[in-house]
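Me: I have a structure open and would like to go through it. Can you help me read it?

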Amino acid sequence: MNLLEVKGLGISFGGLKAVDDVSFAVKPGEIVSVIGPNGAGKTTLFNMISGIYLPSRGSVTLKGQDVTGTAPHKLAEMGLSRTFQNLQVFQEMTVLENVLAGYHLRVRGSILADLLSLPSMRRRAATAREGAQALLTRVRLDKAAGQEAGSLSYGALKRLEIARALALNPSILLLDEPAAGCNAVETEEIDHLIAELAASGIAILLVEHDMKLVMRISNHIVVLDHGEKIAEGDPVTVSRNPQVIAAYLGADHAEATHADS
Amino acid sequence: MDALLQFIFSGMTVGAVYALVALGFTIIYNASDVVNFAQGEFVMLGGMITVFTYMAGVPLPLAAVLAIVATAAVGVALNKLAIEPARGAPVVSLIIITIGASILIRGAAQLIFDKQLHRFPAFSGDAPLRVMGATILPQSLWVIGGAILVFVGLWLFFTRTLTGKAVLATANNRVAAQLVGINTNWVMTLSFGLSAAIGAFAGVLVTPITLVSYDIGVGLALKGFAGAMLGGMGNPKGALVGGLLLGLLEAMTAGYLSSQYKDAVAFIVILAVLFVMPHGLFGSKSVERV
Ligand SMILES: Nc1ncnc2c1ncn2[C@@H]1O[C@H](COP(=O)(O)OP(=O)(O)OP(=O)(O)O)[C@@H](O)[C@H]1O
Ligand SMILES: [Mg+2]
């Protein structure tokens with residue numbers, strides 16, 4: 001069964017069709033990438049799937065349930081989490097607190113238990129703390145746990161966002177340009193991390209401009225241009241599609257990509 | 001020296017009320033970026049509802065509790081009926097909505113209650129206490145103690161409870177808060193309810209000293225706003241210090257200059273803060289990173 005299904009999704013901003021009639025599906029453990037030139041509508045598509053924008057047309061189905069226009073906090077409960085291209089971290093909290101915030105849903109009990117700091121509450125808080133530390137180790141930020149998030153480098157913040165998203169124990173993770181602003185080593189790390197997550201059964205929906213990374217790890221690629229889906233398929237098929245080459249890769253890039261795949 | 005102490009006592013008393021109003025501004029501002037100019041009306045409602053339920057024969061403590069609960073409900077209604085439906089509108093529009101709400105609440109209070117000044121008995125009598133040559137009303141101690149209680153309680157709420165942390169997380173980054181599963185609409189409703197309850201509590205405490213009528217909210221909102229600005233909008237500690245400082249400044253101005261200038265202090269403070277230190281005493285200078 002498909003974990004996520006997007007059907008005929010579209011949205012307009014004052015006449016401009018930022019995304020129009022886009023459909024595709026994601027299965028558990030699959031890595032699906034959405035690519036396209038700047039302004040193609042990739043982030044907008046993510047915003048509709050994750051409940052930030054209300055789509056004008058079409059539907060989003062998560063685990064067989066229609067979730068079109070469902071609020072982000074509800075989607076978080078249902079196992080969909082994401083990261084942002086332009087970073088949405090709690091700047092004034094520490095790195096550890098940021099990830100702990102991701103445990104919020106699993107830790108919460110009654111306000112009363114909370115205020116009285118009952119043992120059940122403290123136990124759950126301790127479990128969350130351990131989990132958060134482990135996630136930080138996983139994205140290699142364990143040493144920065146006590147630092148204020150606002151003081152981290154761009155690449156580190158990207159990984160922090162991933163760790164926080166993972167704290168929600170998602171079944172599908174939307175990553176909007178996780179490798180942007182990262183150096184080659186960091187990009188490689190993110191590459192491994194994504195593959196690992198997918199292997200553990202988490203579905204990944206990825207937007208990324210680093211073509212090498214995309215071609216290497218994706219099971220399936222959806223290509224957008226001017227808000228419309230112009231192609232989809234496995235990396236080899238997509239990279240040979242003339243329309244894709246024309247719209248996105250550009251004539252001179254085409255050869256390089258062929259050489260890669 | 002006695003005079004100075006006297007001014008400090010009266011400054012602390014009004015300052016504590018300003019601090020509570022400033023705190024109300026702070027809580028809503030943090031949750032929604034909205035400066036809620038109906039904050040003064042919450043204080044008025046706290047006093048007025050207590051007066052009228054008390055006059056109807058309800059024991060004073062119960063009347064006070066009823067007033068606080070009813071005012072909290074008004075706060076929640078303000079959010080649900082006026083702010084939430086306009087979500088996504090520019091913050092300025094939302095602020096104008098709160099100004100409209102304050103006018104509406106004032107008008108309704110005038111109709112439902114009346115235009116007279118009212119009070120109910122002080123909690124521990126009206127006999128002034130003598131302290132080192134100055135005098136202080138027992139009710140002033142209630143006001144100051146009540147303010148301390150609210151600040152300590154709120155500090156515990158924000159630092160010790162998950163709900164409190166969810167509110168702080170929302171204040172820090174609304175989108176990120178939604179992403180980790182925090183219902184930010186609920187956080188806003190909670191914030192409006194809490195602010196209204198705190199305002200009403202201030203009204204209950206201070207009415208025996210300053211009396212209450214339907215129109216006291218405007219002045220209080222202005223003073224509370226000045227206090228919040230002085231301390232740094234969005235910072236609870238700033239609300240406390242800013243409110244108290246403004247109260248003291250007013251008392252000193254009234255005492256050493258003339259009570260005619262007393263109300264000008266708030267305006268001067270607002271202007272001075274805007275020109276000299278827009279972030280206030282404790283304001284964060286956080287920058288948005290993109
Ligand atoms: N809130 C909005 N209001 C108006 N126009 C918008 C809004 N959000 C996106 N757009 C427009 O929609 C189009 C698609 O933008 P989007 O950010 O989704 O592109 P993208 O594929 O993510 O680009 P990039 O690779 O640069 O991140 C752009 O023309 C953009 O200006
Ligand atoms: Mg984008």
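**The sheet and its surroundings**

Reply: Chain A has an open sheet of six strands with mixed pairing, in the order E6-E7-E8-E3-E9-E10. Strands are DSSP runs of at least two residues (E) and helices of at least four (H or I), numbered from the N terminus; two strands pair if DSSP finds at least two bridges between them. The model is predicted: local features need pLDDT of at least 70, side-chain atom pairs count only at pLDDT 80 or more, and totals for chains, interfaces and linings use all residues. Residues are numbered from 1 along each chain as its sequence is written, with chains lettered from A and ligands numbered from 1 in the order in which they are written.

Me: Which are the edge strands?

Reply: Strand E6 (80–82) and strand E10 (228–233) of chain A, each pairing on one side only.

Me: What about E8(A), buried or exposed?

Reply: Five of its five residues are buried, meaning 20 or more other C-beta atoms, placed from the backbone, lie within 10 Å of the residue's own. A:Ala203, A:Leu205 and A:Val207 point one way from E8(A), and A:Ile204 and A:Leu206 the other way.

Me: How many bridges join E7 to E8 in chain A?

Reply: Five, and the two strands run parallel. A:Leu175 stands opposite A:Leu206 in E8(A).

Me: Changing topic, which residues are around ligand 1?

Reply: Among them are A:Phe13, A:Lys42 and A:Gln85; a residue counts if its C-beta atom, placed from the backbone, lies within 6 Å.

Me: Which helix gives the most to that shell?

Reply: Helix H1 (residues 42–49) of chain A, with three residues.

Definitions and conventions. Buried ≥ 20, exposed ≤ 12 C-beta atoms within 10 Å, placed from the backbone.
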